[in-house]
Amino acid sequence: MTSLDIGASLGGSTSDPFSDQLEDGVPGSQDTLIHIRIQQRNGRKTLTTVQGIDPSLDLRKIVKVCKKEFACNGTVVNHAEYGEIIQLQGDQRSNSREFLKKTGLAKEEQLKVHGF
């Protein structure tokens, strides 16, 4: 059960938290590639980075929902070359991919998953 389903079952609204973020309400309105990468930290620890999401979207809202849905920690980091990127703890590549497709923030052909 996702956080959106829980809100509906508790009598809350089922509105999309990103509906105000999309241009003209058209899902997947961005046309650039979104890169989802995994980085090895130390030992078994890994980071998942998501780079290329439309800068007009509020990345902090996206991270907040991802943290709740994936049960991990995350933040928005300002990278010198790539701009703002999302960092999530652990291997969240498949979760991130499904989340971006499900919420309509990206289409399947826009997502590029890197790593092992």
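Phe116 touches Ile38, Gln40 and Arg93, with residues up to four places away in sequence left out. Contact here means heavy atoms within 4.5 Å. The model is a predicted one: local features need pLDDT of at least 70, side-chain atom pairs count only at pLDDT 80 or more, and totals for chains, interfaces and linings use all residues. Residues are numbered from 1 along each chain as its sequence is written, and side-chain values use heavy atoms, without hydrogens and water.

Phe116 lies in the segment after β5. Helices (H or I, at least four residues) and strands (E, at least two) are DSSP runs, numbered from the N terminus. At 73% relative accessibility, Phe116 counts as exposed. The classes are buried (under 20% relative accessible area), exposed (over 50%) and partly exposed (in between), computed with a 1.4 Å probe on protein chains only. Phe116 and Arg37 are 79 residues apart in sequence. Their C-alpha atoms are 9.5 Å apart in space.

Arg37 takes part in two further arrangements. The charged end of Arg37 sits over the ring of Tyr82, 5.9 Å from the ring centre. The criterion is that NZ of Lys or CZ of Arg is within 6 Å of the ring centre and within 35 degrees of the ring normal. The side chain of Arg37 also makes a polar contact with the side chain of Gln51, at 2.9 Å. A polar contact is a pair of N or O atoms within 3.5 Å; within protein, one must be able to donate a hydrogen and the other to accept it, and residues adjacent in sequence count only if both atoms are side-chain atoms. Gln51 is found in strand β2. Its relative accessibility is 13%, so Gln51 counts as buried.

Helix α3 spans residues 93-103. Which of its residues are buried? They are Arg93, Ser96, Phe99, Leu100 and Thr103. These residues cover an arc of only 130° around the axis, which puts them on the same side of α3. The arc is that of the directions from the helix axis to the C-beta atoms. An α-helix has 3.6 residues a turn, so residues three or four places apart point the same way. The buried residues of α3 pack against β1 (34-40), β2 (46-51), α2 (59-70), β4 (83-89) and β5 (111-113). Gly104 follows α3 and has a positive phi, near 80°.

The aromatic count comes to one pair. Phe70 and Phe99 form this pair, which is edge-to-face, with 6.0 Å centre to centre and 85° between the planes. Rings of Phe, Tyr and Trp (its six-membered ring) pair if their centres lie within 6.5 Å; planes under 30 degrees apart count as stacked, over 60 as edge-to-face and the rest as tilted. The pair links distant parts of the chain, with Phe70 in helix α2 and Phe99 in helix α3, 29 residues apart. Phe70 and Phe99 are both buried.

The structure holds six salt bridges. A salt bridge is a side-chain nitrogen of Lys or Arg within 4 Å of a carboxyl oxygen of Asp or Glu. One of them joins Glu69 and Lys102, with the closest N and O atoms 2.7 Å apart. Glu69 lies in helix α2 and Lys102 in helix α3, so the pair ties together parts that are 33 residues apart in sequence. Glu69 is partly exposed, at 27% relative accessible area. Lys102 is also partly exposed, at 48%.

The side chains of Glu98 and Lys101 form a salt bridge at 3.4 Å, N to O. Both residues lie in helix α3, three residues apart, about one turn of the helix. The side chains of Glu108 and Lys101 form another, at 2.8 Å, N to O. Salt bridges that share partners join Arg97, Glu98, Lys101 and Glu108 into one network. Glu98 is partly exposed, with a relative accessible area of 45%. Lys101 is partly exposed at 29%, and Glu108 at 36%.

Gln110 lies in the loop between α3 and β5. Gln110 has 6% relative accessibility and therefore counts as buried. Its side chain reaches the backbone nitrogen of Lys107 at 2.6 Å.
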